[in-house]
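This report describes a protein chain for a reader who is new to structural analysis. Please keep the sequence and the model in view while reading.

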Amino acid sequence: MRILVVIIALLAGIKVWTQDHAYRTAMSDALIAAYRERAVQTCHRLTAKPEPVKAARSAPNPWMSSHAATVVIGNASASVALWDIDNPLWNVRYRHPQLVLAGSGPLAAACSYDVVAGVARVSAH
């Protein structure tokens, strides 16, 4: 009887893990598909140098060829304690989804695009 209970508990755990993994994967793919272009544009504006218009048009966008886009929840650079729920940056630190793009070419950096606020932040790898 104990073996049967252990097997049922194990199957229930596998079912919950599979559903959670499928949900997180689908939500991550949906966020990437919906906000990738906006994130690329915002990151490019943030890192583009003020050059003449003709040179800026021909300059490659280091974020465009980034295939490694990931979604993380919360901005780790915001210094807010978990128990400080009255802090106005609490949602930014623990709830806002961030689309993280890796720079390609000579730019060895990552750009985190806050989906809710619509702002980007570039950090070194």
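Does Cys111 count as buried or exposed? Cys111 counts as buried because its relative accessibility is 0%; buried means under 20% relative accessible area, with a 1.4 Å probe and protein chains only.

## Basis of the report

The model is predicted, so local features need pLDDT of at least 70 and side-chain atom pairs count only at pLDDT 80 or more, while totals for chains, interfaces and linings use all residues. Residues are numbered from 1 along each chain as its sequence is written, and side-chain values use heavy atoms, leaving out hydrogens and water.

## The disulfide

One disulfide (a pair of cysteine sulfur atoms within 2.5 Å) is found in a search of the whole structure. Cys43 and Cys111 form this link, with an S to S distance of 1.8 Å. Helices (H or I, at least four residues) and strands (E, at least two) are DSSP runs, numbered from the N terminus.

The torsion about the S-S bond of Cys43 and Cys111 is about -85°, and therefore the disulfide is left-handed. Cys43 also counts as buried, because its relative accessibility is 0%.

## Helix H1

Helix H1 covers residues 2-47 and has a kink of about 55° centred on Tyr35. The bend at a residue is the angle between axes fitted to the seven residues ending there and the seven starting there.

Buried residues of H1 include Ser28, Ile32 and Thr42. The buried residues of H1 pack against strands S1 (70-73), S2 (97-102), S3 (109-114) and S4 (119-124), where contact means heavy atoms within 4.5 Å.

Methods. Buried < 20%, exposed > 50% of the residue type's maximum accessible area, 1.4 Å probe, protein only.
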